[in-house]
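Keep the viewer open and try each one before reading on.

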Amino acid sequence: MKAPQAKKIEKILEIHGDRRTDNYFWLNERENPEVITYLEEENAYEELMMKDTEVFQEELFEEMKARYKKDDESLPYFFNGYWYIVRYEEGKEYPIFCRKHKSLENTEEIIIDVNILAEGETYFEVGSVAVSPNNELVSFSSDNVSRRIYTINFKNLITGKVFSDQILNTTGKAVWANDNEHVFYIRKDESLRAFQVYRHKLGTDSSEDILIFHEDDDTFDVNVFKTKSMEYIFLASSSTISDEHRFIPSDNVFAEWKIIQPRIDDLEYSVEHYEDEFYIITNADDATNFKIVKTKIDHCGMDNWVDVIPHRAEVLLEGFEIFRDYLVLEEREEGLLQIKIIDEKTQESYYLPFSDPTYTTYIGINMEFDTEVLRYGYTSLTQPSSTYEYNMKEKTTLLLKQQEVLGGKFVPENYISERVWAESRDGETRIPISLVYHKDTPKSADTPLLLYGYGSYGHTVDASFSNVRLSILDRGFIYAIAHIRGGEYLGREWYEEGKMLFKKNTFFDFIDAGKYLTQENYTSSGHLYAMGGSAGGLLVGAVVNYEPQLFNGIVAQVPFVDVVTTMLDETIPLTTGEYDEWGNPNDKEYYQYMKDYSPYDNIEAKDYPHMLITTGLHDSQVQYWEPAKWTAKLRELKTDDNLLLFKTDMSSGHGGASGRFESLKEDALEYAFLFKLENIKK
């Protein structure tokens, strides 16, 4: 079978006196039968080219699936008189949301069985489940298309009756007022931006809902939430670099919304409540790595903010949790997360001890104020995810639950993790890399290594355990994460140096990390592979234009590769809200900079590595046509005979397949592709 080649229809795109020719622009016509035919042809070609791996894919899938407990359940947490649990039953793909009154010994009550809701659906996801303050009602939201557009429904937990109320086109989140009859929710506009907050009264038609807030600025989106104290409902309006919060008492839905601090460019803040004060984490007063302040509820503008935890240049403050007698901080120093406990009575402070060279930790679900117990999570590249209970008074630790790895083969001591630092091309920057490999895997020029990266939005990919990853580690792969600029691994400046007009640092850091790993004999270019998804797909797409010979193959998952065209189209979801991340190409300087690195715009007639590119037809984050166009143009121009495979999931979106185990088939395909390339080398 010959590789598909999409037809060319010339489309001239012109701005700032610059003309671009896009011969595959027409692939954005989702309803065009020729587009669907092309996608199906690519799927057939991918299936044919990978047919020799089908048995291996099934072996990988069953192996991955076998490591998971089939009847697993979440760690129970107590809230408002009930223990809440999410569990799975053997042979079923979807979760069951349950609760038990007061004691875990009491009879289980099923709130929502998603398996029943998902019957007959090719895709199904529950967005959120929220129980009313009186414990008698529940809201739940669902998406059966994978566009992250949710429908909210309501159920009476006493009678089991589902109400006729149905709210379409929402973010999925619903926040109950304390009167047990009103909820607040968020609608999306045509570009899928969360832009309006409504109030709904249970038992009424959604057409009668009251618009509470409309965000006019298309670079902002909105959120609504309840404080941990349950005393206030907050409405947050946020862009990448600015926030504005307003609030009302939870027991008075008709109250006037009060603003904490009106929006100011480059002022970020988020709020939590305790007694008669708000605690706020913010970058005010040049606190680049953030600080914590507090203010009285009645006088909450920033003129009244008083420092609680001052800014520290060397420590990124990522989050906090308030208890009656303790303040707990999530801090990141030299890339590693730490949990700091502060005794508010004695002002004694200390850090919880962690020993792995690279890991992640986080504050868990802590719903109660008046407690001495902190729940936190911990995981590393060699240690499965664990939840601990730490008594802040007694300073004792109890393991509550650890992710089980079934199959009888996994022993943490059989794996080695490292953190190394690569020098960047500027001679001043050091790039952290986390690695894991089986103790029997040698470091050599013949050792395959998969390098993963993301590097955007300040999102940090921390070192965490993966059940799935064991399938390549046990077969001789080294796995590495490049903590490149664009994330916040080394603080806020690490992010700032990898966005806007500094975006190329992200790509060069990844390349320099790859070169370091070959120079240090972890692997060689003939066995080095790159993987990234979404903005990480942009990363690997840019990297193979700059340094195609560095990698033997890449896996680009739902890749954002047509940067200029997408960022010029304000009708595409998320575009306007992304200007603070990438820049606005309506400005000539940003246009030219984007054009210089955009993977689609920089494809040349040259050799490229082997590639597996994936997408979802209903993707709301990165539209399917970006990887489709990228594939078509690569097919036209590349001068090598390397594999170029493109697979579209015709029933899913940005997150891939729904269901607990279906997504493992995607992992199995990607891993089989990597091993196929290794066999080609041999």
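**Exercise 1.** At roughly what angle do the axes of helix H1 and helix H11 cross?

*Solution.* First, a word on the source: this is a predicted model, where local features need pLDDT of at least 70, side-chain atom pairs count only at pLDDT 80 or more, and totals for chains, interfaces and linings use all residues. Residues are numbered from 1 along each chain as its sequence is written, and side-chain values use heavy atoms, with hydrogens and water left out.

Step 1: find H1 at residues 33–49 and H11 at residues 625–637; helices are DSSP runs (H or I, at least four residues), numbered from the N terminus.
Step 2: the two axes come within 12 Å and cross at roughly 65°. Axes are lines fitted to C-alpha atoms over the stretch in contact, and angles run from 0 to 180 degrees between N-to-C directions.
Step 3: H1 and H11 are therefore roughly perpendicular to each other (65 to 115 degrees; under 35 is roughly parallel, over 145 roughly antiparallel, the rest oblique).
Step 4: Tyr38, Leu39, Glu42 and Tyr45 of H1 meet Ala628, Thr631, Ala632 and Arg635 of H11, where contact means heavy atoms within 4.5 Å.

**Exercise 2.** Work out how H2 packs on H12, and which classes of residue meet there.

*Solution.* Step 1: H2 (residues 54–66) and H12 (residues 662–681) have axes 8 Å apart, at an angle of about 130°.
Step 1: that makes H2 oblique to H12.
Step 2: on the H2 side the contact includes Phe56, Leu60 and Phe61, and on the H12 side Leu664, Leu669 and Phe675 are among the partners.
Step 3: sorted by class, this contact has 10 nonpolar, 1 polar and 3 charged residues (Ala, Val, Leu, Ile, Met, Phe, Trp, Tyr, Cys and Pro count as nonpolar, Asp, Glu, Lys and Arg as charged, the others, Gly among them, as polar).

**Exercise 3.** Which residues of H6 and H7 meet?

*Solution.* Step 1: H6 spans residues 504–519 and H7 spans residues 535–546; their axes lie 9 Å apart at about 70°.
Step 1: that makes H6 roughly perpendicular to H7.
Step 2: Lys504, Thr506, Phe507, Phe508, Phe510 and Ile511 in H6 touch Leu538, Leu539, Ala542, Val543 and Tyr546 in H7.
Step 3: by class, that gives 9 nonpolar, 1 polar and 1 charged residues.

**Exercise 4.** Which residues are closest to the centre of the largest cavity?

Step 1: of its 13 lining residues, His459, Val461, Ala482, His483 and Ile484 are the closest to the centre; lining residues have an atom within 4 Å of a point.
Step 2: the lining divides into 6 nonpolar, 6 polar and 1 charged residues.

Technical notes: 1 Å grid on protein atoms, 1.4 Å probe; cavity = no way out; pocket = protein on both sides within 12 Å on 5 of 7 lines; lining within 4 Å. Helix = DSSP H or I, 4+ residues; strand = E, 2+ residues; numbered from the N terminus.
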